[in-house]
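Here's a quick tour of a few helices and one annotated span. Have the viewer open as you read.

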Amino acid sequence: MSQRRADGSAGDADYGAIGGVYTDYRKPDPRIGQYILDALGDARTVLNVGAGAGAYEPEDREVTAVEPSASMRAQRPADLPPAVDAVAEKLPFPDRAFEGAMSTFSVHQWNDLWTGLKELRRVTRGPIAILTCDPALLRRFWLLDYAPEVIETEARRYPSVDDIADGLGGHTSIVGVPIPIDCTDGFNEAYYARPERLLDPGARLSCSAWSFVDDRVHHRFAAELQHDLDDGTWDRRYGRLREQETFDGSLVLVVSDPAS
């Protein structure tokens with residue numbers, strides 16, 4: 001297992017460096033959140049692993065959050081319980097302690113995916129819902145034309161949905177999650193119809209893949225996208241997306257239920 005960073009970040013991204021304005025851009029979208037709630041079913045006690053600042057934690061359940069990054073734990077709203085400082089691969093809970101479990105945009109940060117998934121199943125006796133991106137679908141997004149390095153970085157980092165399903169075991173299903181045109185959760189594809197938003201450096205850095213490319217990529221991307229917006233090239237190629245209510249991109253929910 002890799003050594004944790006100074007702020008506790010356990011994955012390949014240093015949230016002590018990039019997480020300071022995360023909650024300014026990454027606000028949970030209730031339409032996406034409903035998919036997680038539906039997958040959790042009647043589970044009343046829910047474990048949230050890689051909980052970050054608490055996005056998508058159900059308000060009507062008893063949630064226990066686990067988050068290794070001190071920077072992200074500090075951004076949790078005051079009305080949420082403090083997160084436990086721990087990693088997915090070593091959860092400090094007894095077997096079958098929770099009725100359900102969840103993880104959102106986190107599994108690609110785990111150092112040992114298989115061990116983390118086995119731990120998640122060990123402590124959960126009911127459904128597990130993992131919101132992630134399918135690396136096989138990332139190239140649907142127009143960002144590929146402007147910053148292929150970012151898409152390729154994402155594709156390397158995200159585990160395959162089949163690997164996640166195999167690691168969880170039980171009866172598993174993979175559900176595509178449509179991204180709303182006005183999505184409030186600012187991951188890259190959330191801006192499929194609002195390209196101007198990705199000209200904001202803060203918006204880019206709230207998506208950890210941008211922290212793995214150098215400044216030249218950022219500058220080139222911003223210059224080329226601004227140029228194509230100014231002269232209408234982007235709209236000629238992709239303008240139809242501005243009227244498209246949802247985008248079927250790479251966002252998926254992997255659900256495992258041993259009782260099914």
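## Helix α7

Start with helix α7 (residues 148–157), where Val-150, Ile-151, Thr-153, Glu-154, Ala-155 and Arg-157 are buried. Buried here is under 20% relative accessible area, exposed is over 50%, and partly exposed is in between, using a 1.4 Å probe and protein chains only. Helices (H or I, at least four residues) and strands (E, at least two) are DSSP runs, numbered from the N terminus. The buried residues of α7 pack against α6 (143–146), with contact meaning heavy atoms within 4.5 Å.

Some ground rules: this is a predicted model, so local features need pLDDT of at least 70 and side-chain atom pairs count only at pLDDT 80 or more, while totals for chains, interfaces and linings use all residues. Residues are numbered from 1 along each chain as its sequence is written, and side-chain values use heavy atoms, leaving out hydrogens and water.

## Helix α8

Next up is α8 (residues 161–168), with Val-161, Ile-164, Ala-165, Gly-167 and Leu-168 buried. They sit on the same side of α8 because they cover an arc of only 165 degrees around the axis, taken from the directions from the helix axis to the C-beta atoms.

Covering these buried residues are, among others, α5 (113–122), β4 (128–133), β5 (171–176) and β8 (251–257).

## Gly-202

Gly-202 is in helix α9 (residues 201–205) and counts as buried because its relative accessibility is 15%. Its C-alpha atom is 20 Å from that of Thr-104, 98 residues apart along the chain.
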